[in-house]
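Me: I've got a structure to go through with you. Mind if I ask a few things about how it's put together?

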There are 2 protein chains.
Amino acid sequence: MKKIILITGAAGMVGSNLIRKYINQDVQIVGIDSLKLGKLKYIKSFQKKKNFLFFKIDLSKKIKNRKIENILKKNYLHEVWHLAANSDIQNGISDYEVDLKDTFLTTINTLNFINKYLKKNTKFIFSSSSAIYGYAKGSISENYKKKNPISNYGLMKLYSEEYIEHIANKNNLKAYIFRFPNVIGNNLTHGIIYDFIKKISNNKKILNVLGNGNQQKPYSDVLEIIKCMIFIKNKKFLQKINYFNIGTNDKGIKVRDIVNIFLNETNYGTKAIFQKKKQGWEGDVVNYSYSTKKIHKLGFRFKLSSKQVITKIIKNLIKMNIK
Amino acid sequence: MKKIILITGAAGMVGSNLIRKYINQDVQIVGIDSLKLGKLKYIKSFQKKKNFLFFKIDLSKKIKNRKIENILKKNYLHEVWHLAANSDIQNGISDYEVDLKDTFLTTINTLNFINKYLKKNTKFIFSSSSAIYGYAKGSISENYKKKNPISNYGLMKLYSEEYIEHIANKNNLKAYIFRFPNVIGNNLTHGIIYDFIKKISNNKKILNVLGNGNQQKPYSDVLEIIKCMIFIKNKKFLQKINYFNIGTNDKGIKVRDIVNIFLNETNYGTKAIFQKKKQGWEGDVVNYSYSTKKIHKLGFRFKLSSKQVITKIIKNLIKMNIK
């Protein structure tokens, strides 16, 4: 009878970095990914290990998998890290089905699949998003009531939260809902730096930037995000359903400054061209800051500022991908 | 250029009775139904009329229909009556996909389908449910905050409401969200009286009743429900998004009393057998009453009491189905 750690979105940025934390522990890791955004190369090194099993499954459809069901039946489902989702907000703009299927339906199917294997206080950890708040003034705390997501992405994260709450209320499920800021790190699958690297690989003369460059958002390092989630998950005496804003405690960094750091590091003499519009894309929340007081009270603080994170990750990724 | 009245769930109880209200007006009715619960025989008489077009479409999948798109392109989309849904709470207990697909996905697909054909203040009318409130004490008003649906049915109605709100906020859509009580009438597709008639047709000696008979709920006549919705839809100066509890203004009728009326009318000397449990089924809200003050203020009152409605419909249906 082993402790099972079930990870959906296992081949994504957060999933693949999380597996590294568990791979040398006395647990059985079951990783699932549709490989729509996740990449096999991010988890290749773990596949040699006995305590990691990988399944390519599209969780947007009702889950039927005898092999996983047998594992869950015979062992102890300790933790479910539900990280599978569309992680690219822009993907869901032209096609509403992207976030519907890859964020909401993956959540509803995952919960209904694990439902009958829940043990006493199985932990369910979910990667939600600051996008559930939409436009909101001031520093947003977790119990902010007027949630009004402006993107399909945010809306489907919000529905997912509500569904988790619905199931947790009826079952042996302890839920940890973490609302992420922008997260970057190794094994990126999307986002501004991912885009910049793609663009500059194709064209070293001009870098077309989405929006006017004044969008300002906090960024956090995926390794700190994972450290924070594990820290909180291990806390005793928390409630049955817990919500946390997690991330760097600063006002963020402007797109304009990210561009400068990036062009400085690549050093090709590239010219950045900005757009006139404020939003980088429809559904872009151009400016937000949320309160991380709740995690501070529990004793966790992010160390790197948004600027430090951006600089670190740009340096790493340029080394790996371009130079 | 005609006024288009689009009705989803056209072959259901509410849909088919609604068509009768519009069929002699100068409008083009486009009816859609998957015929999972709806019945062709309920709309057969309308199909001879030029201003009624029927399409058998499963709205739980992304909608692609050139013929309807052409109609919407060339005419004026005046009203959308979105009545397609799983209407049978019990259906969704063993299979979470029933309400997910037939209630929530039908809503999200319908809204995204009509999105590009919206005209100035196209009206969107939705049949929601008292089940979105779950267990709640006292008389529930429309702005009751602690919604906590206990059934998949209620939860998917609630998500549908939220999605309508999301789309209405971004577009030319005026939304009317009507939270229904139990509704009965001609062209029933489910529910206690529908069940009783089926059961007694098979077995005249014994009538097995779900629950202990003390469940007490308000019932309304589908004709009054439709009258009320049309009355409110035609009111001027309402808001962009409007919520209404609609239905009979009483505390309802006990299952035990429905059984008595039914057995009295059928008059076979049938014996009723009750269960010991309070709930008729998992997800059954055994006792609720909600406030209909908001519609009273606008000038609408339901005339028949729950008991009168039950008696009337039982008499009608027995005449049509058994005797």
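Me: Let's start with helix H10 (residues 306-321) of chain A: how far apart are its end C-alpha atoms?

Reply: Bear in mind that this is a predicted model. H10 of chain A has 16 residues, and at 1.5 Å a residue that should give a span of 22 Å. The end C-alpha atoms agree with that expectation, since they are 22 Å apart.

Me: Okay, and within what arc do the buried residues of H10(A) fall?

Reply: The buried ones are Ser306(A), Val309(A), Ile310(A), Ile313(A), Ile314(A) and Leu317(A). An α-helix has 3.6 residues a turn, so residues three or four places apart point the same way. Looking down the axis of H10(A), the buried residues line one face of the helix, because they fall within an arc of 125°.

Me: Which exposed residues sit on the face of H10(A) turned away from its buried side?

Reply: The buried side has its cover, which includes strand E7 (182-184), helix H6 (192-202), strand E10 (219-221), strand E12 (253-254) and helix H8 (255-266) of chain A. The face turned away from that buried side carries two exposed residues, Lys315(A) and Lys319(A).

Me: On to the two chains: which helix supplies the largest share of the side of chain A that touches chain B?

Reply: Nine residues of chain A are in contact with nine residues of chain B. Helix H4 (97-114) and helix H5 (152-170) of chain A each supply at least two residues of the chain A side, which divides into five nonpolar, two polar and two charged. The largest share, four residues, comes from H4(A).

Me: Last one: which residue of chain A comes closest to the rotation axis?

Reply: Chain A superposes on chain B by a rotation of 180° with 0.0 Å of shift along the axis (RMSD 0.0 Å). The two copies are therefore related as by a two-fold rotation axis. The same surface serves both, as 100% of the contact residues of chain A recur in chain B. At 3.6 Å (C-alpha), the residue of chain A closest to the axis is Tyr159(A).

Definitions and conventions: Residues are numbered from 1 along each chain as its sequence is written. Chains are lettered from A and ligands numbered from 1 in the order in which they are written. This is a predicted model: local features need pLDDT of at least 70, side-chain atom pairs count only at pLDDT 80 or more; totals for chains, interfaces and linings use all residues. The expected span of a helix is 1.5 Å times one less than its number of residues. A residue is buried if 20 or more other C-beta atoms lie within 10 Å of its own, exposed if 12 or fewer, and partly exposed in between; C-beta atoms are placed from the backbone. The arc is that of the directions from the helix axis to the C-beta atoms. Two residues are in contact if their C-beta atoms, placed from the backbone, lie within 7 Å. Ala, Val, Leu, Ile, Met, Phe, Trp, Tyr, Cys and Pro count as nonpolar, Asp, Glu, Lys and Arg as charged, and the others, Gly among them, as polar. Copies are superposed by least squares on the C-alpha atoms of residues with pLDDT of at least 70 in both.
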